[in-house]
Amino acid sequence: MKRFRKITVIFSGLFLTLIILINIYNFVCFKILKKPLAPFFGYAMLEVVSSSMEPTLQKSDYIIIDMKDKKYKKDDIITFYDKEGSFVTHRIVAAEKEAVITKGDHNHTEDGKTKKDKIVGKYIFHIRGAGKVIALLKNPLIVIIIITLIATISYLTMPNEEVVLADTKEYQEFLKYLENPNESRKKISAKKEILTTSIKKNKKNKKRKKRAKRKQRRG
């Protein structure tokens, strides 16, 4: 139970920290810097909003693109700006020196030529259905519910103080003392005598050692 409670508390703390950091970073990129993407070390995340790449990519999938890789070849999946300035993620069906021709896996016609300077990044992998989860996490009510559940689980799995106290050596000795206080006092006195005797012996041994060292120095 203790381990489960620790894991729950750690998870809740990491979850809240991650949500806060992501929201702050996205706010700075989108609202303050007015960027179309929120890149992180040359990588960016985008949500799939159409079915043009099915079955490879589906609606509500989140894709990770590499914005550093500038080498494009046939069959690469890339994200680029279309004529309207929107993001499109399609597969390269032909690559030329200055441009590429793309097509969605589910589409029957090609997109036409796209200049390489319009390419944003190359697809690396995707997270199936992550868009639905992220949409839920953007809802403050859902976040509050999750936090409440985590706090409730932590409280319910909290160990009983009486049980913890009963497991301690001091508590067991205290119960024995209540059962037979006279006997406990005798044991305490005996322990004190043994401890006092031990301390005296140690002092005598230290003095003997000091005397022996002095004699060796004189000799």
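Leu33 counts as partly exposed because its relative accessibility is 48%, where buried means under 20% relative accessible area, exposed over 50%, and partly exposed in between (1.4 Å probe, protein chains only). The model is predicted, so that local features need pLDDT of at least 70 and side-chain atom pairs count only at pLDDT 80 or more, while totals for chains, interfaces and linings use all residues. Residues are numbered from 1 along each chain as its sequence is written, and side-chain values use heavy atoms, leaving out hydrogens and water.

Leu33 is placed in the loop between H1 and E1; helices (H or I, at least four residues) and strands (E, at least two) are DSSP runs, numbered from the N terminus.

An open sheet is formed by 7 strands in the order E1-E2-E7-E3-E4-E5-E6, with antiparallel pairing; two strands pair if DSSP finds at least two bridges between them. Strand E1 (43-47) and strand E6 (112-115) are the edge strands, each pairing on one side only. On average, neighbouring strands of this sheet are turned by 50° against each other, direction ignored; axes are lines fitted to C-alpha atoms, for helices over the stretch in contact, and angles run from 0 to 180 degrees between N-to-C directions.

E1 and strand E2 (residues 62-66) run antiparallel and are joined by 5 bridges. Within E2, Asp66 stands opposite Tyr43. Helix H2 (residues 130-137) lies across E1, E2 and strand E7 (119-127), and runs at about 105° to E2; contact means heavy atoms within 4.5 Å.
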